[in-house]
Amino acid sequence: MAGHQAVKSQFKTAEGRYTLHSEKTTGLVPFAMRRTTRLTIATLHSGEEEGMYVVYNVGDYLHVAPFDATEKDPVCSLIFNPSAVRDGHPCCHAYCPARDGLDLLVGFANGEVVLMSLRAQLQAPPGGSRPTAAATLNADQMHDSSRCNAVLWVPRSNGSQFLACHASGSILVYKKNPGMTGESSGKLLSHLSSKSTGSNPSSTISLACGGINDAAFCPDGSRLAVACRDGSVRLLEWPSGASLGGYQSYYGAALCVCWSPDAALLASGCEDDLVTVYSIADRQVVAFGEGHCSWVSRVA
């Protein structure tokens with residue numbers, strides 16, 4: 001494009017100097033707020049698929065690319081729902097090593113969550129776009145009909161417990177059990193009564209917050225931070241779900257949230273174009289990151 005300013009290849013911050021690793025300029029799609037791209041870093045150990053991968057969603061597809069070759073085409077591109085399914089596109093995903101190999105979660109705009117194996121997708125014949133799913137949760141919107149905006153693995157659960165956070169304000173808690181992946185159709189046994197033994201979701205936490213946009217566990221898994229549509233960032237004790245406090249954005253919705261590695265600070269991005277940093281010990285906001293020209297959609 002004539003007059004288009006090139007992306008800077010190097011820049012300096014207070015933390016150090018950074019160099020642009022790569023930039024993909026082909027196969028790009030127009031930006032759509034409701035279909036924003038999210039990234040997940042996954043590492044597979046042993047086997048032919050050993051290595052680091054980037055899992056990311058674009059439009060109706062979920063792509064998997066080698067971490068050190070992001071300028072190339074993905075090694076795997078999956079489409080879960082036909083184009084006739086209006087809200088069947090992936091919105092969020094999460095990876096966690098698991099003994100049973102079922103290590104990848106994908107949340108969708110129609111409220112469904114798919115449990116699958118990343119290695120199985122990489123082992124599929126080249127050129128195929130049909131995913132190999134082990135289980136489909138909240139199928140046919142049985143438990144929540146709203147958009148799934150975040151999926152999380154519970155820390156220290158060894159990949160046996162995970163959450164799905166919905167635009168309705170509900171957090172559905174799931175536990176793996178023998179019945180979850182026992183059906184050949186890949187549908188959960190949660191189709192049975194919620195009072196059945198081993199059914200899923202195992203519990204539900206409901207927040208009156210206008211909807212959940214994002215959530216993140218602190219490193220030890222004892223607290224859950226939730227970014228809400230009403231502009232609040234709420235701290236919950238885990239697994240009870242009891243409120244531990246929180247804070248409010250300057251204005252607009254809270255869109256994303258993350259923890260510092262030592263769990264001392266919490267950062268969030270909001271529709272006020274600011275990054276807000278909250279101190280857990282002081283129980284107050286200690287810094288604002290300014291200079292953004294639009295909403296802050298992800299922090300890390």
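**Entry 1: G88**

I started at G88, which sits in the loop between β6 (76-79) and β7 (90-95); helices (H or I, at least four residues) and strands (E, at least two) are DSSP runs, numbered from the N terminus. I'm working on a predicted model, where local features need pLDDT of at least 70, side-chain atom pairs count only at pLDDT 80 or more, and totals for chains, interfaces and linings use all residues. Residues are numbered from 1 along each chain as its sequence is written, and side-chain values use heavy atoms, with hydrogens and water left out.

Is G88 buried or exposed? I get 7% relative accessibility, so G88 counts as buried. My cut-offs are under 20% relative accessible area for buried, over 50% for exposed and partly exposed in between (1.4 Å probe, protein chains only).

Leaving aside neighbours within four places in sequence, I find G88 in contact with N81, F108 and N110; contact means heavy atoms within 4.5 Å. I also checked G88 against G111: the two are 23 residues apart along the chain, with their C-alpha atoms separated by 8.6 Å.

**Entry 2: E112**

Next I looked up E112, in the loop between β8 (104-108) and β9 (113-116). E112 is buried too, because its relative accessibility is 13%. Which residues does E112 touch, leaving aside its neighbours within four places in sequence? I list V106, G107, T136, L137, N138, A139, D140 and C148. With D140 there is a polar detail: a polar atom of the E112 side chain lies 3.4 Å from the backbone nitrogen of D140.

**Entry 3: whole chain and confidence**

I stepped back to the chain totals. The secondary structure comes to one helix and 22 strands. Of the 300 residues, 47% count as buried. Taking contacts between residues at least 6 apart in sequence, I see that 47% join residues at least 24 apart. The accessible surface is about 15,900 Å², with 52% of it belonging to carbon and sulfur atoms; these areas come from the Shrake-Rupley method with a 1.4 Å probe, and for residues only the protein chains shown count as cover.

For confidence I used pLDDT, the predictor's confidence in each residue, from 0 to 100. The chain mean is 85, and 84% of residues reach 70 or more. Over residues 183-197, pLDDT is below 50, and this stretch has 20 contacts in the model beyond near neighbours in sequence.

**Entry 4: salt bridges**

How many salt bridges are there? I count five, using a side-chain nitrogen of Lys or Arg within 4 Å of a carboxyl oxygen of Asp or Glu.

R298 pairs with D214, the closest N and O atoms being 3.2 Å apart. R298 is in the segment after β22 (284-289) and D214 in strand β15 (residues 212-217), so this bridge ties together parts 84 residues apart in sequence. D214 is buried at 3% relative accessible area, while R298 is partly exposed at 40% relative accessibility.

R229 and E271 meet at 2.7 Å, N to O. R229 is in the loop between β16 (223-228) and β17 (232-237) and E271 in the loop between β20 (265-270) and β21 (275-279), so here the parts tied together are 42 residues apart in sequence. I have R229 as partly exposed at 41% relative accessible area and E271 as buried at 10% relative accessibility.

R234 bridges to D230, with the closest N and O atoms 2.9 Å apart. R234 is partly exposed, with a relative accessible area of 23%, and D230 is partly exposed at 34% relative accessibility.

Most residues other than glycine have a negative phi, and most peptide bonds are trans, so I went looking for exceptions.

W238 and P239 are joined by a cis peptide bond, omega about 15 degrees. I place P239 in the loop between β17 and β18 (243-248).

S46 is not a glycine, yet its phi is positive, near 70 degrees. S46 lies in the loop between β3 and β4 (51-58) and is partly exposed at 46% relative accessibility.

Q141, also not a glycine, has a positive phi of about 55 degrees. I found Q141 in the loop between β10 (133-137) and β11 (148-153), partly exposed with a relative accessible area of 37%.

How values were computed: A polar contact is a pair of N or O atoms within 3.5 Å; within protein, one must be able to donate a hydrogen and the other to accept it, and residues adjacent in sequence count only if both atoms are side-chain atoms.
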